[in-house]
Amino acid sequence: MTGYIVFSSDTCAPCKSLYKYLQSYNIEWPILYEHAEAREFMRLNIRSTPTLVKNDKIVAVGLSDILQHIRGLTYFDVSEPSDDYKGEEE
């Protein structure tokens with residue numbers, strides 16, 4: 001598991017753009033919605049959406065900051081390793 005979670009709202013236009021971006025790159029991070037996960041929003045002190053969290057720490061807030069963060073990641077930062085991946089052969 002990558003540890004990334006997107007915190008979102010149903011009425012957030014930048015969130016919708018972020019979803020499309022994530023889908024276009026096959027990035028499958030969990031998305032928590034404010035109306036359904038209010039306790040998590042309060043626990044992490046999230047006040048705006050979209051917000052990107054990794055391992056209970058806010059790493060980026062707002063569409064442009066999140067996209068900048070994503071662009072700095074590697075493939076292995078956003079993907080879980082395949083079960084059949086065994087590394088380089090010797």
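Reply: Happy to. One thing to keep in mind first: this is a predicted model.

Strand 1 covers residues 4-8. Is it mostly buried or exposed? Four of its five residues are buried, so the strand is largely enclosed by the rest of the structure.

Now for its partners. Strand 1 pairs with strand 3 in the antiparallel sense, over four bridges. If you want a spot to look at, find Val6, which stands opposite Leu52 in strand 3. Strand 1 also pairs with strand 2, residues 31-33, but here the sense is parallel and there are three bridges. Look for Phe7 this time, as it stands opposite Leu32 in strand 2.

How does the chain get from strand 1 to strand 2? Follow helix 1, residues 13-24: strand 1, this helix and strand 2 make a right-handed β-α-β unit.

A search of the whole structure finds three aromatic pairs. In one of them, the ring centres of Phe7 and Phe41 are 5.0 Å apart and the planes sit at 80°; an angle over 60 degrees counts as edge-to-face, so that's what we call this pair. Phe7 is in strand 1 while Phe41 is in helix 2, so the pair ties together parts that are 34 residues apart in sequence. Both Phe7 and Phe41 are buried. Tyr21 counts as buried because its relative accessibility is 17%, under the 20% cut-off. Tyr25 is exposed, with a relative accessible area of 54%.

Helix 2 spans residues 38-43, and Arg43 and Glu40 are three residues apart in it, which means about one helical turn separates them. Their side chains meet in a salt bridge, 2.9 Å from N to O. Arg43 forms a salt bridge with Asp56 as well, where the closest N and O atoms are 2.9 Å apart. This second pair links distant parts of the chain, because Arg43 belongs to helix 2 and Asp56 to the loop between strand 3 (51-54) and strand 4 (57-61), 13 residues apart. Altogether the structure holds two salt bridges, and Glu40, Arg43 and Asp56 are linked in a network.

One last stop brings us back to where we began. Ser48 lies in the loop between helix 2 and strand 3, and it's partly exposed, with a relative accessible area of 35%. Check its distance to Ser8: the two are 40 residues apart along the chain, yet their C-alpha atoms are separated by 8.2 Å.

Conventions. Residues numbered from 1 in each chain as written. Predicted model: local features only at pLDDT ≥ 70, side-chain atom pairs only at ≥ 80, totals over all residues. Heavy atoms only, no water. Salt bridge = Lys/Arg side-chain N within 4 Å of Asp/Glu carboxyl O. Helix = DSSP H or I, 4+ residues; strand = E, 2+ residues; numbered from the N terminus. Phe/Tyr/Trp six-rings, centres within 6.5 Å; stacked < 30°, edge-to-face > 60°. Buried < 20%, exposed > 50% of the residue type's maximum accessible area, 1.4 Å probe, protein only. Pairing = 2+ DSSP bridges. Right-handed = clockwise from strand over helix to strand, strands pointing away.
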